[in-house]
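Reader: I would like to learn how to read a protein model. Where do we start?

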Amino acid sequence: HMGPIKKYSILTVGAVVLALANYVFKFPNHFSFGGVAGFAVILSGVLGGSASTYTFVINMLLLVIAFPILGKEVAMRSFYVSIVFSGVLEVAQYVYPIDKPITNQPVLELVFSFMLLAVCSAIFFFMDASSGGTDIIALILKKYTSVSIGMALLLVDFAVVVISFFVYNPTVGLFSFAGFLAKSFFIDSVIESLNLCKYFTIVSDNADIICDYIHKELNHSATIMSAEGSYSHEPKKV
């Protein structure tokens, strides 16, 4: 059970890394994997202006709309992550302006972009926070419609990727599509595998001692069932 300082320190690191990954790798290459940052890249291409600023404005609007739905704790954490994320993006524009990719290896930048995205997604997932964006749209959909969230988000992200073909060029579109596929399959499966629950079955005559250890040392709970050995017919605790 983490204290608030430790929790918010971890969220801060996640938000800063996510912002820098977007700023250094995604935005200069116009990579658009979908989501709010992807939509911001599209807006930047159509209307001019910076993708960072569009990301900030959209995230803030979504958080205001979603505040009643998320519940106070998750909303506060998500607000915090979004403000740090957007703040770092805004500051980065002025401290270290980037108007073209930092290397001439877009594949390398694509790989780093989604690897960092995967790590940050896992951090926020464990901290029960959201980095804003499409997660919030998912929560709104979940509350008010019977739409399958996974499918809805996939379609929104896919639409953003398709638009990037027309706003930028086929190269950017194809890179964005590759990133979209990597995000959809790689990141989701990483988070799913991290979230698997594991359970252990212990058969014993001394259930109390074991439960004591589980409660005090491991900070977990346990369930006890009565059982009978099939050979000896002795009573056991499971």
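Author: Start with the order of elements: along the sequence the pattern is α-α-α-α-α-α-α-α-α-β-β. Helices (H or I, at least four residues) and strands (E, at least two) are DSSP runs, numbered from the N terminus. The model is predicted: local features need pLDDT of at least 70, side-chain atom pairs count only at pLDDT 80 or more, and totals for chains, interfaces and linings use all residues. Residues are numbered from 1 along each chain as its sequence is written, and side-chain values use heavy atoms, with hydrogens and water left out.

Reader: How many helices and strands does the protein have?

Author: The protein has 9 helices and 2 strands.

Reader: What share of the residues is buried?

Author: Buried means under 20% relative accessible area, exposed over 50%, and partly exposed in between (1.4 Å probe, protein chains only). Of the 238 residues here, 39% are buried.

Reader: How do I read a salt bridge?

Author: Side chains of opposite charge can pair when their charged atoms come close. The rule asks for a side-chain nitrogen of Lys or Arg within 4 Å of a carboxyl oxygen of Asp or Glu. By this rule there are 2 salt bridges.

Reader: Which side chain meets Lys-236 in a salt bridge?

Author: That of Asp-205, at 3.3 Å, N to O. The pair links distant parts of the chain, 31 residues apart: Lys-236 is in strand E2 (residues 235-237), and Asp-205 is in the loop between helix H8 (170-194) and H9. Lys-236 counts as partly exposed because its relative accessibility is 27%, while Asp-205 is exposed at 56%.

Reader: And which side chain does Asp-212 meet in a salt bridge?

Author: Asp-212 meets Lys-216 at 3.4 Å, N to O. These two are 4 residues apart in helix H9, so about one helical turn separates them. Asp-212 is partly exposed, with a relative accessible area of 39%; Lys-216 is exposed, with 59%.

Reader: Is Lys-26 buried or exposed?

Author: Lys-26, in helix H1 (residues 4-29), is buried yet has no salt bridge. The nearest side chain of opposite charge, Asp-157, is 8.9 Å away. Here Lys and Arg count as positive and Asp and Glu as negative; His and the chain ends are not counted.

Reader: What is Lys-26 in contact with, leaving aside its neighbours within four places in sequence?

Author: Contact means heavy atoms within 4.5 Å. With those neighbours left aside, Lys-26 is in contact with Ala-21, Phe-31, Phe-33, Ala-37 and Ser-113.
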